[in-house]
Amino acid sequence: MLGAQAVLWALVALVSYLLIQGFRFRKVLSHIPSPPGHWLIGNLEFLMRNPYPGKIFEYLRDCAQRYGPIYRFSTLHIVVINLLHPDDMELVLSQMKHMKKSRLYKFLGGWLGEGLLTSSGQKWQKRRKLLTPAFHFNVLQKFLDIFNEETSNMVKQIEEMNAQSLGGKPLINLMPIVTNLTLQSITETALGVSSVEEDTMKSYRSNIHKMGQFVFGRVTKPWSLIPLVYSLSNDYEKESETIHSLHQFTYRVMKEREKQLVDGRDEQVVSTTYSGRKIMKMLDLLLYAKINEGTIDYEGIREEVDTFMFEGHDTTAAAITFLLYALAEHPDIQENVRKEIQSNITPTRTPTYHDLQDLPYTERVIKESLRLYPSVPLITREASEDFLSHTGSKIPKGTVLYLHIFDLHRNPDIYPDPQRFDPDRFLPENCANRHPFAYLPFSAGPRNCIGQKFAILEIKAVIVGLLRKFRLEPSGCAPPSFFVDLILRPEGPINVKFVPI
Ligand code: HEM
């Protein structure tokens, strides 16, 4: 009884402390515009009344229109400053100062631990240095064979779906088949493990979706923002089961790869640089560092494998899905891409790395698609020291910062008629005077996306493989609406027809 009372008092003390902290921040930042909110819980009131991902996505877009380019909101004890202006993006992203990820990323801690995406400080620096060579040009070149092969598998799968349908070509829901491709690709490339069974893939995909829901749930439920309270909830129990199952998969992949290398069934070193540095796949680099250098342990490798499995497949799947949708909606642009492919790569030849570097129009189309549909629409940081925003507002150390890439990319002052799909926005002459931090699909600065070259190569391989075989036709449905859990997702299925050429 006494124990329960002590816990209760401890909780009351903790909540009071957090609220006082929140009030302090709110006072200091009160000059920054904010949507109206409850005196005690702030804008959490809106989130609690509308705990639907799509609604919250709309709310944020509305706030951007009304209060941008800098506005504030608060949820219970956390005050968030939302930044939408390229100058502020530059201030935060370009320096080593504000590299600490915000508390929001802690919701991913049980799953991703302190991997590259979520870690800070020295740990992040060491891991980034260790993993950067895994994206060396020599490694990426080798990966292209796998991207091409997975694209051929997808082509076959679409042909089978077309053959099974009676009466015309069926509408095909893109996200599941594209996600299959990107998941197979990341396990085969970065991790070196091939042919994961369909059922395992399915359950992995579904667990990632569940994780998205848990993270989203925690943002909208005030009690779950306090770790101790969350650990007593039902959601916590379910989340723990999901994480356990995700980790089992990761450990399986790690063990399998280790065995392959021990048995001598595959080469660990992909190539060696002129200076003698060994170039390896991501998981092999980590295993090498554990076995030969002792700079990482098994748990550390698990964190990175989970991080790369997630970051390396879901983001790219969303990017390819939205791009295929955009191409189906814009037949003229689709035709221009196909012509460029046909004139550079003869139809029977498998595209090489160099072929894919020489598709300037296709590249502009990919850029425009990532402008309108950035897979990561929002990133967050914590201010590591006081700074002045571009409007002269003082932002104190410790403030949570949300950087809204989605709204930045749809700012009409930067991109006139922003909803229009126009690849020419990325012609060199049209980019020349654009702010360097006005386009951030892969973030920028020292903590930018380590996998961006990998992602672009994979996207190109898929587009080339599909457009050579099919003409994409739109579904005729209304444009997709979005929501965000871990990434930007369409609210419903995105369907396209694949008509053989
Ligand atoms: C179109 C596909 C992709 C997009 C749009 C994308 C976007 C991003 C963005 C915006 C960030 C910054 C996140 C933040 O600061 O919180 C990021 C970080 C990261 N991305 Fe990607 N990404 C993509 C593909 C990939 C791929 C294929 C991989 C791995 C193979 C990858 C691995 C990572 C990792 C590990 C980080 C954390 C980097 C760090 O903090 O040092 N991403 N990505």
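1. A residue is called buried under 20% relative accessible area, exposed over 50% and partly exposed in between, with a 1.4 Å probe and protein chains only. By that scale Cys449 is partly exposed, because its relative accessible area is 26%.

2. This is a predicted model, in which local features need pLDDT of at least 70 and side-chain atom pairs count only at pLDDT 80 or more, while totals for chains, interfaces and linings use all residues. Residues are numbered from 1 along each chain as its sequence is written, and side-chain values use heavy atoms, with hydrogens and water left out.

3. Cys449 sits in the loop between α18 (428–431) and α19 (452–469), where helices (H or I, at least four residues) and strands (E, at least two) are DSSP runs numbered from the N terminus. Its SG is the only protein donor of the iron atom of the ligand, at 2.3 Å; donors are N, O and S atoms within 2.8 Å of the metal (3.2 Å for Na, K and Ca), and as water is not among the atoms, sites may look incomplete.

4. Leaving aside neighbours within four places in sequence, Cys449 is in contact (heavy atoms within 4.5 Å) with Arg128 and Phe442.

5. Four strands form an open sheet of mixed pairing in the order β1-β2-β9-β6, where two strands pair if DSSP finds at least two bridges between them. The edge strands, each pairing on one side only, are β1 (70–75) and β6 (378–382).

6. β6 and β9 (residues 400–404) pair in the antiparallel sense over five bridges, and Ile379 stands opposite Leu403 in β9.
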